[in-house]
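Subject: Model handed over, with notes

Dear colleague,

Please find below the structure I promised to pass on, followed by an account of what I found in it.

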2 protein chains.
Amino acid sequence: MTLADIGGTSSGGVDRQALSAEEIEAWRCVMGWAREADLQVATDDAGNLFVILRGSDQKAPPVLSGSHLDTQPGGGRFDGAYGVLAALEVLTVLAERGVKPCRDLIAVAWMNEEGSRFAPGMMGSEAYAGVRTLEEIRAARDATGMTVGKALDQLHAAFPGLPRRPLGAPLGAYLEAHIEQGPVLEAQRRVVGIVTGIQGKQTLEVEVRGDKGHAGTLAMSARRDALAAFARIASALYTEIGDHDPQVKFTIGHLCVEPNAPSIVPDRVVMRIDLRHPDNSTLTALGARLRVLCARHATPCQVQLMPLVDAPSNIFDTLLQELIETAAFRLGYPSLRLLSAAGHDARHLASLCPSAMIFIPCRGGVSHVQEEWAEPEHVSAGANVLLNVLFQLVRPI
Amino acid sequence: MTLADIGGTSSGGVDRQALSAEEIEAWRCVMGWAREADLQVATDDAGNLFVILRGSDQKAPPVLSGSHLDTQPGGGRFDGAYGVLAALEVLTVLAERGVKPCRDLIAVAWMNEEGSRFAPGMMGSEAYAGVRTLEEIRAARDATGMTVGKALDQLHAAFPGLPRRPLGAPLGAYLEAHIEQGPVLEAQRRVVGIVTGIQGKQTLEVEVRGDKGHAGTLAMSARRDALAAFARIASALYTEIGDHDPQVKFTIGHLCVEPNAPSIVPDRVVMRIDLRHPDNSTLTALGARLRVLCARHATPCQVQLMPLVDAPSNIFDTLLQELIETAAFRLGYPSLRLLSAAGHDARHLASLCPSAMIFIPCRGGVSHVQEEWAEPEHVSAGANVLLNVLFQLVRPI
């Protein structure tokens with residue numbers, strides 16, 4: 001709740017954008033708690049924040065746990081922040097009890113998971129995992145034209161002398177705690193979700209091009225109306241793709257119409273498509289079908305598709321899943337295996353080291369809104385499971 | 001071409017929005033030409049611009065001719081500007097020859113015909129004809145929230161001391177010259193169009209309301225996706241209304257999607273529908289059918305329709321049509337009677353006094369685009385016919 005005050009809105013939500021003054025203040029807050037617990041802090045060139053409990057073997061790859069401190073524009077108090085603070089709490093408890101782990105145990109806050117100020121998101125984990133180069137990430141701009149590079153330099157300048165860890169250094173394991181952002185745990189009255197993987201996703205930009213014309217004089221038969229073509233394409237997509245099976249998620253969230261004037265036939269429509277499915281072969285097939293439908297229904301306009309994201313479903317480390325399930329059982333928390341419908345930094349870490357996620361329920365399954373809420377007993381249950389699993393991974397030999 | 005430089009775009013088009021700094025500059029330009037010709041200038045409370053050639057009988061209702069100086073965004077050089085400058089040229093020619101008309105002959109530029117910055121358009125002629133109150137018109141806002149009232153006050157402040165004519169003062173006749181904005185004159189190789197009337201038009205705003213949701217987690221069956229409902233509604237309208245018969249014109253030119261974020265299911269879509277048909281009973285029937293289709297295809301979202309314009313086809317004064325036809329014949333210009341597919345200020349003037357319109361061809365029939373073009377010989381032919389007819393209406397006794 002203290003962290004939620006930083007960027008807190010009058011309606012109880014949080015607006016704490018990546019690399020903003022609010023995020024810098026959130027770093028100060030987290031670093032203050034870390035130093036109170038005699039933990040060390042560091043960063044890297046991608047603006048990730050690390051809190052370190054030193055282990056006995058400095059050659060062994062460290063174990064990481066965390067999430068992110070940035071939020072959506074009218075976001076909530078738990079998305080991201082929970083995973084960072086749960087990991088910090090685990091380190092604090094171990095440090096207070098004088099536990100010296102067999103290798104470094106590190107809490108992490110990844111830079112710009114949400115992607116709302118600088119798109120696309122997950123920049124910190126992508127840079128760490130080598131999915132995108134730092135140069136590419138530094139070149140991205142926010143709505144005011146400010147680059148990630150400049151904002152990153154400002155962040156680092158706010159913390160002079162902070163040690164820097166190398167990007168992509170080997171890791172022993174990664175564990176992320178997070179609110180579910182969906183209704184399953186609440187509906188089934190479970191306290192802990194063992195996340196089996198992250199649902200596959202394709203994001204595309206589709207541009208329809210036609211010709212402008214006067215709404216009163218241009219004959220319908222002579223028109224190349226880009227919005228009419230959009231309506232045909234979208235109707236076909238909602239029906240054939242969106243109704244394909246109960247697991248598919250198909251969304252056109254963003255649309256741009258030009259010239260968008262009441263009495264002019266539109267000549268350009270650009271839409272952003274978000275397509276998700278847990279089964280990779282189905283996702284691939286639907287993505288291919290989507291292209292066919294766009295081409296077929298665009299006539300007499302022209303259509304062009306640009307893939308932005310093509311991320312198949314991934315499967316989290318099965319041994320870590322077992323450890324989470326066992327810990328939940330031993331601590332008496334009813335649990336459930338489930339796929340994450342939303343994306344998380346853990347997707348990218350999974351390419352570097354054994355990775356997994358722990359979900360806790362959120363009220364009504366809602367997230368990215370000011371009403372986002374998790375019950376205190378669920379918050380502590382998730383942290384207890386995290387402590388239990390992390391302790392097994394770094395237990396002194 | 002001088003006027004087209006004001007708000008001129010690099011691609012040869014014109015972007016001169018109603019009550020903008022560019023329109024104020026256009027006023028200065030036209031007023032400069034008027035004063036060079038010893039003509040008087042005035043305005044009224046609705047921001048219409050009048051250039052006056054004083055007549056001998058100040059009690060006789062004046063004869064008006066003109067059009068408008070505002071353009072669509074990405075508009076052309078002739079739409080509106082031609083009618084204002086043709087009328088100004090007639091006044092200039094008569095003044096240069098020392099003609100003292102039997103009553104005032106006035107060139108007019110009506111405020112905001114296009115309706116692209118402040119919707120809906122034809123505000124100046126509507127205020128003059130009493131179709132809408134000045135209060136209602138002053139309350140309309142542009143995309144930045146600026147009211148017509150404030151913009152009008154800025155316009156008037158830019159020309160302190162400019163005399164004001166009373167809104168709605170009686171008129172003897174109104175004549176408007178304009179490019180056709182359609183392909184008929186060019187296709188049939190005619191130089192002058194005698195406009196018989198203006199095609200009927202209905203304009204509606206349709207609002208679709210659903211619920212927001214996370215694109216990755218909310219099941220398709222649980223969604224109330226406002227953009228999906230729009231796609232269903234629009235597809236049905238394009239098919240049933242737009243393809244009804246070869247004379248119908250159906251356009252969705254303006255669309256607003258909220259929150260318009262890539263990974264959020266949209267909860268609100270507002271569209272602007274423009275429906276035109278020369279036959280009034282067909283127009284009425286299509287308007288009723290449109291409402292049924294919106295309601296049927298909105299489910300599970302809610303839909304609300306707000307009629308903005310419901311204007312049946314009108315018939316211009318038959319005596320004025322005869323005068324135009326005779327003038328064209330005597331001057332040797334091949335002519336044709338035709339219905340205007342586009343709306344014009346003359347529609348509203350027709351309720352106050354005998355009114356008519358003169359069309360000239362435009363290249364390819366295209367308008368509201370930067371390529372809009374009229375041949376110089378057609379431009380002067382239309383002005384010659386206008387001079388001939390206006391002279392008969394104000395000939396010294």
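Predicted model: local features only at pLDDT ≥ 70, side-chain atom pairs only at ≥ 80, totals over all residues.

Residues are numbered from 1 along each chain as its sequence is written, chains are lettered from A and ligands numbered from 1 in the order in which they are written, and side-chain values use heavy atoms, with hydrogens and water left out.

With those terms in hand, chain B has an open sheet of four strands in the order 9-11-7-12, paired in the antiparallel sense. Strand 9 and strand 12 (302-311) of chain B are at its edges with a single partner strand each, so one side of each is left without a neighbour in the sheet. Neighbouring strands of this sheet are turned against each other by 15° on average, direction ignored, where axes are lines fitted to C-alpha atoms (for helices over the stretch in contact) and angles run from 0 to 180 degrees between N-to-C directions. Nine bridges hold the antiparallel pairing of strand 9 of chain B with strand 11 of chain B, and Phe250(B) stands opposite Leu275(B) in strand 11 of chain B.

In chain A, four strands likewise form an open antiparallel sheet in the order 9-11-7-12, with strand 9 (249-258) and strand 12 (302-311) of chain A as the edge strands, each pairing on one side only. Strand 9 of chain A is joined to strand 11 (residues 268-277) of chain A by nine bridges, the two running antiparallel, and Ile252(A) has Ile273(A) in strand 11 of chain A as its bridge partner. Helix 7 (residues 226-242) of chain A lies across strand 7 (200-209), strand 9, strand 11 and strand 12 of chain A, and runs at about 175° to strand 9 of chain A; contact here means heavy atoms within 4.5 Å.

How are the two chains related? Chain B can be laid on chain A with an RMSD of 1.5 Å by a turn of 179° and a shift of 1.9 Å along the axis, the superposition being by least squares on the C-alpha atoms of residues with pLDDT of at least 70 in both copies. That is the relation of a two-fold axis. In chain B, the C-alpha nearest the axis belongs to Ala231(B), at 2.1 Å from it, and the same surface serves both copies, since 91% of the contact residues of chain B recur in chain A.

Turning to charges, a salt bridge is a side-chain nitrogen of Lys or Arg within 4 Å of a carboxyl oxygen of Asp or Glu, and by this rule there are 34 salt bridges over all chains. One of them joins Arg117(A) to Asp142(A), with the closest N and O atoms 3.0 Å apart; Arg117(A) is in the loop between strand 4 (105-110) and helix 3 (123-129) of chain A, whereas Asp142(A), 25 residues apart from it, is in the loop between helix 4 (134-139) and helix 5 of chain A. Asp142(A) counts as buried at 11% relative accessibility, the classes being buried under 20% relative accessible area, exposed over 50% and partly exposed in between (1.4 Å probe, protein chains only). Another salt bridge joins Glu258(B) and Arg268(B) (2.9 Å, N to O), which link strand 9 (residues 249-258) and strand 11 (residues 268-277) of chain B across 10 residues. Glu258(B) is partly exposed, at a relative accessible area of 31%.

Arg165(A), by contrast, is buried yet has no salt bridge, and the nearest side chain of opposite charge, Asp104(A), is 4.7 Å away (Lys and Arg count as positive and Asp and Glu as negative, with His and the chain ends not counted). Arg165(A) lies in the loop between helix 5 (148-158) and strand 5 (173-179) of chain A, and, leaving out residues up to four places away in sequence, touches residues including Asp44(A), Phe50(A) and Ile106(A).

Finally, Pro361(B), in the loop between strand 15 (355-360) and helix 11 (376-394) of chain B, is buried, with a relative accessible area of 6%. The C-alpha atoms of Pro361(B) and Gly193(B) are separated by 8.0 Å, although the two residues are 168 residues apart along the chain.

Terms used:
Pairing = 2+ DSSP bridges.
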